[in-house]
Amino acid sequence: MTASTLTRPRPAATVPASRPRRRLKPGRPIPFGAAIGPLLLLAGWAAGSAAGWIDSRTLSAPWTVVTTAGDLIADGRLQDNLVVSAQRAGLGLAIGTVVGTVLAVVAGLSRWGEAILDGPIQIKRAIPALALIPLLILWFGIGEQMKVITITLGVFVPVYIHTHNGLRTIDSRYVELGESLRLRRTTFLRRIVLPGALPGFLLGMRFAVVGAWLSLVVVEQINSTSGIGYMMELARQYGQTDVIIVGLVLYGLLGLLSDGAVRLAQRRARSWRRTMAD
């Protein structure tokens, strides 16, 4: 082998023209794809109940649950309890969102704010909100205040974490541009900070809405006299499996609808960005 052979550049690898281009994306969106999984689950539940594989004392059949839901709607119990639960979850979600956003902005735009706030919030993040219920009962009793505070604690942490991360990952070139243009603080917040933190905030909201309903499930079973959780706890005492399933289905639907609303807002807010899911 000669020196010229060693130094001769190798020809670049070429792809045969006849080979079709391989698609690496997941593919086109499936119409009503989000409903396929729940419908398959419902079909398996119905098939198991019809074939006798599922004991009705353990899990009521879907048609029994639908009939029970109709009866609860007819006598007004379902609507009344739903309104109370929605008010609790909505109030805790609103307070937690405001608290989490404000703390994230303070910690994200100030080193002193981060030094003071981030550590305690990370400690709170490691402690489940539901683990604080015994202490909250001692402090606030077993009334509505304790329930709303528990939901708030389950909401503000994910909002803070993702909003703070969104703030910290804003491209520094935009900040330098704002400094070069000598933007006012309010203009800087409105034009650069808020748009940059919006993706993280919306992601945090997806976790927050689910956290609100999860916290609600627990607090409504603690000496409540109204709400979906109270209805389910009362049904447990009387062995009414169908009523319990109605409550679970309702919780699931509320969580899916809440998450879907945030995802819709997320898609519209980021309509300019093309992703692999598009």
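Ser49 sits in helix H2 (residues 36-50), where helices are DSSP runs of H or I with at least four residues, numbered from the N terminus. At 15% relative accessibility Ser49 counts as buried, the cut-off being under 20% relative accessible area with a 1.4 Å probe and protein chains only. Neighbours within four places in sequence aside, Ser49 touches Ile54, Ala61, Pro62 and Trp63, a contact being heavy atoms within 4.5 Å. All of this comes from a predicted model, in which local features need pLDDT of at least 70 and side-chain atom pairs count only at pLDDT 80 or more, while totals for chains, interfaces and linings use all residues. Residues are numbered from 1 along each chain as its sequence is written, and side-chain values use heavy atoms, with hydrogens and water left out.

On to the cores. A nonpolar core here is a set of buried Ala, Val, Leu, Ile, Met, Phe, Trp, Tyr and Cys residues joined through side-chain atoms within 4.5 Å. The largest one has 41 residues, and Leu93, Val155, Leu216 and Ile228 make the most contacts inside it. At least two residues of this core come from each of H3, H4, H6 (133-140), H7 (144-168), H9 (185-219), H10 and H11. H7 gives the largest share, 9 residues. Apart from this core lies another, of 6 residues, including Ile170, Phe188, Ile192 and Ala197.

Leu216 also shows up where H4 and H9 meet. Its contacts, leaving aside neighbours within four places in sequence, are Ser85, Arg88, Ala89, Ile151 and Tyr251. H4 and H9 pack at an angle of about 140°, their axes 9 Å apart; axes are lines fitted to C-alpha atoms over the stretch in contact, and angles run from 0 to 180 degrees between N-to-C directions. That makes H4 oblique to H9, oblique being whatever is left once under 35 degrees is called roughly parallel, over 145 roughly antiparallel and 65 to 115 roughly perpendicular. The crossing is right-handed, meaning that the near helix is turned clockwise from the far one by less than a right angle.

Just after H10, Gly239 adopts a positive phi of about 65°.

Conventions:
Buried means under 20% relative accessible area, exposed over 50%, partly exposed in between (1.4 Å probe, protein chains only).
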